[in-house]
Amino acid sequence: MKTVFDRPQALTDVPLHYCPGCTHGIVHRLVAEVIDELGLIDTTVGIAPVGCSVFAYNYFNCDMIEAAHGRAPAVATGVKRTHPELTVFTYQGDGDLAAIGTAETVHSATRGENITVIFINNCIYGMTGGQMAPTTLPGQVTTTSPYGRSRKIQGSPIRVCEMLSTLDGVALATRVAVDCPKNVINAKKMIKKAFQNQIDGKGFSIVEVLSTCPTNWGLSPTDALQWLRDNMMPYYPLGTYKDSEAVRDDA
Amino acid sequence: MTTTMIFAGSGGQGIQFSGKQMAKTGMYMDKNVTFLPSYGPEMRGGTSNCTVIVSDEEIGSPSVSNPDLLIAMNLPSFDKFEPAVKAGGTIFCDSTLIDKKSAREDIKAVYIPATGLANENGLAGFANVIILGKILKETCIFDYEAFTNFLVSSIPATKAALIEKNKKALELGYNY
Amino acid sequence: MAKKVLMKGNEAIAEAAIASGCLHFFGYPITPQTEISEYMAKRMPKVGGLCLQAESEVAAINMLMGAAATGSRAMTSSSSPGIALKSEGISYIAGCDLPCLIVNVQRGGPGLGGIQPSQSDYYQATRGVGHGDLRLIVLAPSSVQEMASLTAEAFDLADIYRMPAMLLADGALGQMMEPVDFEAFPKRETPEKTWATNGMHGKRAKNIVNSLYIDPNVLENTVRERYERYALLEENEVKYEEYMTDDADIVLVAFGITARICKSAITELREAGIKVGLLRPITLWPFPKKVLGELADKTKAFLSVEMSMGQMVDDVKLAVNGKKPVHFFGRTGGVIPSVEEVVSETKKLAETL
């Protein structure tokens, strides 16, 4: 009998703790499939963040490090700089990557650290129960923006890929979604490219995945996907903002 | 025997160089030495000083309130440290830049117009080395020949002109 | 005779680290420790290593965490306010059981404080360098030679006990120059780092470097296991120097640069007929409690001399445990106590005995 669908080797046989309808599971699987397909399981070190994916070290079947909130790119820098032969990826949420860890994100990007960053943007702090994130949309209600995010008070959300695409150290800055099969296929293509870039020594590669948080958004899984299409995609357009190679010319 | 020294002047006069050269020579002579510089914004212009100790014993405190020798290369340094010199100690003043004499009778004061001598002899910037020559003459801290040899050996051979200038400055001070 | 070199304390730390096999340095400039970064930046490329200037102290300590997680010998250095910024990362490193070296060349505080030497991070180093139940190995050099030898020792201890080590120096030691002999310190056997996250390479199951334990019982057990290692360290690795304590009526207790000032003071006091000795803790944690307890049976009084408002004095009191009076003298804010001041304070104390 032919196996047509199986758990990727790069995922452990542990039930994920994510809420129903959360897209973390899909993204975990895509990353694991890419690690399998590129034959990287034995030489990969993953860095888990603080956030909903804090337990990612239990799910990926490679060496894993649990970093402090926001510091994953700095930890990844330490791993990659001491062991350039390893493949190093971080898996971070929006609060982690774009609020508390903004400096680490921007500076590892501008240094052209040859690492792969998977960025889960769901416009909210999931783990702590639905607070305002740096990517929370204008008008979006969260527990810490109960009257809706006001640009006058809380300011505007950050478009991470657009911002990072201006940096010379960035090889790939791309935004994908996993709301439908077509987008899932494209997301995997981009994740694979982000890992391949690292193998090829091209520099900092980030894949931003627009994700859902049905629990904290207060929506059903299908309504959450529709909310993502209706509200997130206009503010955070899908697409590739940079696809080249980090500038490393000293001249 | 223990000799404690404070070198003090303005940034750019080679105060730190003089102190380091004393400490290095002591080390080559197999003595215990410490070199404690002033640091921070003051080293970016303004006053500069350092404390050097050369001793046959283990050195405790690297900072010294009452030095045996004071090398003063500007007036503020003279005013600040002259009262602190240990009774029986010696001060060396660049009399080109310090228009003042010590009123103390319990210390020996040596006045040498080092900056003037340097300028007259094509040795601008070597006033500190001229004073080093004078220290070797007036104290028995180091042998003149040995000190000169160590100083010369620390300069790369490619900088022959520098070697000659240092030698000439030491000699000028020693024989002043 | 081995060849000695005249070096700044900061440079001696850097050179000793490289000589100890540390090929990765992550720093951020701050006075009075910047020479460590500068020396590393010059030397590392020549020995095939890396000196990386981070965007902040926070990033530097996390880079160090990543490097240490792979089993590489690595270090960071800073000065007081910078160490405060690193304390988050230090706690994670302790919670992940990662060996590495953190250097603090102390300056005056609190706040921006000043840039002159200080010992007012004693509490920070021995009590409060990060949240949670944790200890650091804290080594306090008092000469440029020890800046080098204790750097080497710190790396070995960190590897053996699988925990972070701190070299607690101060601005005077960092800036002063003394002869150093790099061949004068021994190297210890260190265990293989089987726990490192450096790729499975088909040889083992995955390793996880982590400080998160959601189950309180599991977390408690993890912490207890760590404290068993701390206990071994306390049993085997306490270091101190005793100086003229045999017949001393008064024992000065001082570490780092202050201990040297005390030695000079002792020379003068002995000449004046006052029997004074010195106990110099070299490991501030583990603290030399036992020897202080023993000295308490012999001597009449203790005087803790510090460049702070009195921090180590608490540990001296705990060790002496009320057997004899423990007094304190200190200068702070970047002021180095003078030999004369220590002499006069000790004389005052001697008169009361």
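How much area do chain A and chain C bury between them, and what percentage of it is on carbon and sulfur atoms? In this predicted model, chain A and chain C bury about 2600 Å² between them, and 61% of that area is on carbon and sulfur atoms. The size of an interface is often given as the accessible area lost when the parts come together.

**The interface of chain A and chain C**

- Chain A contributes 35 residues to the contact, and chain C contributes 32 residues.
- Three salt bridges are counted between chain A and chain C.
- A salt bridge links the side chains of A:Asp63 and C:Arg204, with an N to O distance of 2.7 Å.
- Four elements of chain A each supply at least two residues of the side that touches chain C: helix H2 (56-59), strand S2 (63-66), helix H3 (72-82) and helix H5 (102-110).
- H3(A) provides the largest share of that side of chain A, namely seven residues.
- By residue type, the side of chain A that touches chain C consists of 17 nonpolar, ten polar and eight charged residues.
- Polar contacts also cross the interface of chain A and chain C, where 18 residue pairs are found, both residues being at pLDDT 80 or more.

**Strand pairing between chain A and chain C**

- Strand S2(A) is joined by two bridges to strand S9 of chain C (residues 208-209), and these strands run parallel.
- Within S9(C), C:Val209 is the bridge partner of A:Ile65.

**The two domains of chain C**

- The domain assignment divides chain C into domain 1 (5-236) and domain 2 (240-352).
- A distance of 28 Å separates the C-alpha centres of domain 1 and domain 2 of chain C.
- Domain 1 of chain C gives 32 residues to the contact between them, and domain 2 of chain C gives 26 residues.
- These two domains of chain C bury about 2400 Å² between them, with 56% of it on carbon and sulfur atoms.
- Four salt bridges are found across the interface of domain 1 and domain 2 of chain C.
- The side chains of C:Glu146 and C:Arg280 form a salt bridge at 2.8 Å, N to O.
- Between domain 1 and domain 2 of chain C, 17 residue pairs are in polar contact, with both residues at pLDDT 80 or more.
- Several elements of chain C give two or more residues to the side of domain 1 that touches domain 2, among them helix H6 (144-161), strand S7 (164-170) and helix H8 (216-236).
- That side of domain 1 of chain C comprises 17 nonpolar, eight polar and seven charged residues.

**Backbone geometry**

- Most residues other than glycine have a negative phi, and most peptide bonds are trans.
- C:Thr31 and C:Pro32 are joined by a cis peptide bond, with omega about 5 degrees.
- C:Pro32 lies in the loop between strand S2 (24-27) and helix H2 (34-43) of chain C.
- A cis peptide bond also runs from C:Trp285 to C:Pro286, with omega near 0 degrees.
- C:Pro286 belongs to the loop between strand S13 (283-285) and helix H10 (289-298) of chain C.
- In chain B, B:Asp30 is not a glycine, yet its phi is positive, at about 70 degrees.
- B:Asp30 is located in the loop between helix H1 (15-28) and strand S2 (32-37) of chain B.

Technical notes:
Residues numbered from 1 in each chain as written. Chains lettered and ligands numbered in written order. Heavy atoms only, no water. Contact = heavy atoms within 4.5 Å. Buried area = accessible area lost by both parts, 1.4 Å probe. Polar contact = N/O pair within 3.5 Å; in protein donor to acceptor, adjacent residues only side chain to side chain. Nonpolar A, V, L, I, M, F, W, Y, C, P; charged D, E, K, R; others polar. Pairing = 2+ DSSP bridges. Domains from an automatic or database assignment.
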